[in-house]
Amino acid sequence: MIDGALGGPGTQEYLLEAREMQAMSFAVHIPLVCFGIAFPAMVVFLEGLWLRTGDPLYKALAKRWSKAMLILFAIGVVTGTILSFEMGLLWPEFMATFGDVFGLAFGIEGFSFFMEAIFIAIYVYGWDRLPPRVHIAVGFPVILAGFAGSLNVIAVNGWMNQPTGFSIRNGEVVDVEPITALFNSNLWHELTHMYLAGFMVAGFMVASVYGYAWLRGRRDRRHLTGLVVALSFAALVAPVQLLVGDWSARTVAERQPIKLAALEGLKETEKGAPFEVGGGIEIPKALSLLAFHDPDATVRGLDTVPEEDQPPTGIVKLSFRAMVAIGTGLAALGVWFVWMWWRRGRLPRTLWFHRALVAAGPLSVVALIAGWVTTEVGRQPWVVYEVMRTEDAVTGASGIPVGFAALGLVYVALAAIAYVMLRRLARKPFEVEA
Amino acid sequence: MLADLAMAVTLVGVTAYVVLGGADFGAGFWDLTAGGAKRGAPVRAMIKRAMAPVWEANHVWLIFVLVMLWTAFPEAFGALTSTLAIPLFLAALGIVLRGGAFALKGEAGTIAEARALGATFALSSVLVPFFLGTSAGAIAAGEVPLGNAAGDAWGSWTGTLPIFVGLLAVVTGAHLAAVFLGADSQRAGQPELVHAFRRRALGSGVVAGALAIAGLVVVNSEAPDLYDGLTSGAGLACVIGSAAAGLATLALEWRERFEVARYSAAAAVAAIVAGWAFAQEPYLLPPDVTVQEAAASDAVLTALLIAAGLGMALLVPALVWLFRLALSGRLAYEEEPRP
């Protein structure tokens, strides 16, 4: 346990608003991150198809997608900037106490961000200006930078859940080992989970748009190609995500038993704990089986820690279920598509498949946010797990509700801007070179 | 030693952001003052063309500075962000609005939409450097004590010196932008725009120079220690260097040698940043907190500096390539249909 290095916030009556403001900013930014992770790979894949087949449709589609990619990247740049500012504006005690411990990760992330910004600009503004092979090569640093960026940001989140690489002596953080903190043991499962989520969200969102076009009768080759490429990425990843999710859940069960108890709303410790599907229906021993791969394993309950150390269970439990349910549905949709494509070489023709696709995009975003709510709220009341309380990390400055409201309005304006720009782009004449 | 090195790397980031990011904000200032829809169209088109491929990369310098500060000087960072929460938050909001409005500019469907977006872009372009400038001024004025929101939430950045630095940030950004855009217009072979930016460069250059001189008077009365630093030793050398580079820039602008003026104008600004650093040395948050005291442990600084060194080795060639492509007009740019 440690208090803030700056001497504490005194009283901050708007701690909850500060957390909500931070949550809002993450919820706005994280879907954009997904496009940063996955869209470049999808666009480069299309460009590769063009280079291999010489079919100009692929090029036209890649060009069109790359413009949408740049719009989303620009919005991600500014919403990401808000997050960097909020780290200090809302949580100065957290930064003052631990900024040096996890800062290295953000330092590397900063350079990834640089590379992404540079090469995405060259890529998008370089169509027809650079030789085709140079142009596609420029796409790879963008993909790599997206990966490196997520690795480093996730490293910080993994560290917050499993703080390592420092000691506490006399209430001070000492013996900082930045490399140990960076490569904490949560990094790998969280990174894999988030990286795949990026492909699911970007893939299903794009497929969703084309699914809608299909329902509206636009079923030409351009729309079908867009749909199949985007959906292929998402559909291949979605089933794998179930396994990674299981890996994540088991890691949580082992390292953060109280978070697991919150996921399940398990008040008391139980041996052979059941899993509550919802509406009071329980599957006997299923929780023990899921969490530890042993039906008779003992699962710790919330009551093993004092009440002030327990996370809020309602929202955590609900978010976890939402994520799992949607994720399972998306995996099923992906399997349906892959099966049809493999056996019949075509898309399912039923209206319901395309309706499901339209829903899949927004639902994948819901699952993404629900997943982050699960892990972030599930970590409460700690900002640094079992080391620093969120209430000790917050700023002592006043005016949080005013900032919260102002930022909310700005995000509404930004959402409107993004929507208008993407609509305009979609309406531009689609030119396939002869 | 390591702490000073980390500070130096941070200041490289600050300088890059003030020059490159500052010029992007300054471009917004000229957008604001370009005149009516028809008369201002060529100036606005040149701004869009010059900024579109590079503004995101230029913006990343700000993130770089934030990350360097919170990793190498975490307690000072927490003190800064909590005491200066208001100007920093306003700057952050301005960055969002500017990015959004810039992306959408030229996509407007009606004149009214175009005006609203243009005004948002231009106004936020002025407000961001102003608020970041006042924050820097608050540090220089010794208004940011160590602690969680320990300084005055309003008084810390609304004194004469902070407001003055805010204005200086706006004007130097505008000057840099005029010089850069003048050079871009020359490369694009648009002599009328070259003349237009020559006028703007000379005008803003004279104002910036006058403000800088007036600034010494303000510093003398508001922050005597800082004044001593600026008028002796390395600080004085930087002040003289900045003045010389500024005068050279004016002469180059007069003769429309914009390509060279890019560098002298940037040098004049870089010298101001360096002069401030030397004058304030050894303090990070005057009057009490030194760079040494505020620094993280050697293990952290070493890891960070190695990462920064490796990062720069990747970054610099990539940036050079981007700027080469952008400046030589080899990156595509679509003339947006006018409403």
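Tutor: Start with the names. Helices (H or I, at least four residues) and strands (E, at least two) are DSSP runs, numbered from the N terminus. Residues count from 1 along each chain as its sequence is written, while chains are lettered from A and ligands numbered from 1 in the order in which they are written. This is a predicted model: local features need pLDDT of at least 70, side-chain atom pairs count only at pLDDT 80 or more, and totals for chains, interfaces and linings use all residues.

Student: Where does Glu386(A) lie, and what is its phi?

Tutor: Glu386(A) sits in the loop between β7 and β8 (388-389) of chain A. Its phi is near 60°, positive in a residue other than glycine.

Student: Which residue of chain B has a positive phi although it is not a glycine?

Tutor: Glu256(B), with phi of about 60°. It lies in the loop between α10 (233-254) and α11 (258-280) of chain B. Glu256(B) has 17 C-beta neighbours inside 10 Å, so it counts as partly exposed.

Student: Which peptide bonds are cis?

Tutor: Look at omega. The bond from Gln380(A) to Pro381(A) is cis, with omega near 5°. Pro381(A) is in the loop between α11 (351-379) and β7 (382-384) of chain A. The bond from Pro286(B) to Pro287(B) is also cis, with omega near 10°. Pro287(B) belongs to the loop between β1 (283-285) and β2 (289-290) of chain B.

Student: How do I check the length of helix α7 of chain B?

Tutor: The expected span is 1.5 Å times one less than the number of residues. Helix α7(B), residues 160-187, has 28 residues, so it should span 40 Å; its end C-alpha atoms are 41 Å apart, which agrees. It is mostly covered, with 24 of its 28 residues buried. Gly189(B) follows α7(B) and has a positive phi near 70°.

Student: How do α1 and α6 of chain A cross?

Tutor: The axes of α1(A) (residues 15-53) and α6(A) (residues 187-215) come within 7 Å and cross at roughly 80°. Under 35 degrees is roughly parallel, over 145 roughly antiparallel, 65 to 115 roughly perpendicular, and the rest oblique. So α1(A) and α6(A) are roughly perpendicular.

Student: Which residues of α1(A) meet α6(A)?

Tutor: Contact means C-beta atoms, placed from the backbone, within 7 Å. Among the α1(A) residues are Phe35(A), Phe39(A) and Met42(A); the α6(A) side includes Tyr195(A) and Ala202(A).

Student: What does Met42(A) touch?

Tutor: Leaving out residues up to four places away in sequence, Met42(A) touches Trp65(A), Ala202(A), Val229(A), Ala230(A) and Phe233(A).

Student: How many residues join chain B to chain A?

Tutor: 55 residues of chain B are in contact with 59 residues of chain A. On the chain B side, α13(B) gives the largest share, 13 residues.

Key:
Buried ≥ 20, exposed ≤ 12 C-beta atoms within 10 Å, placed from the backbone. Contact = placed C-beta atoms within 7 Å. Axes fitted to C-alpha atoms, helices over the stretch in contact; angles between N-to-C directions.
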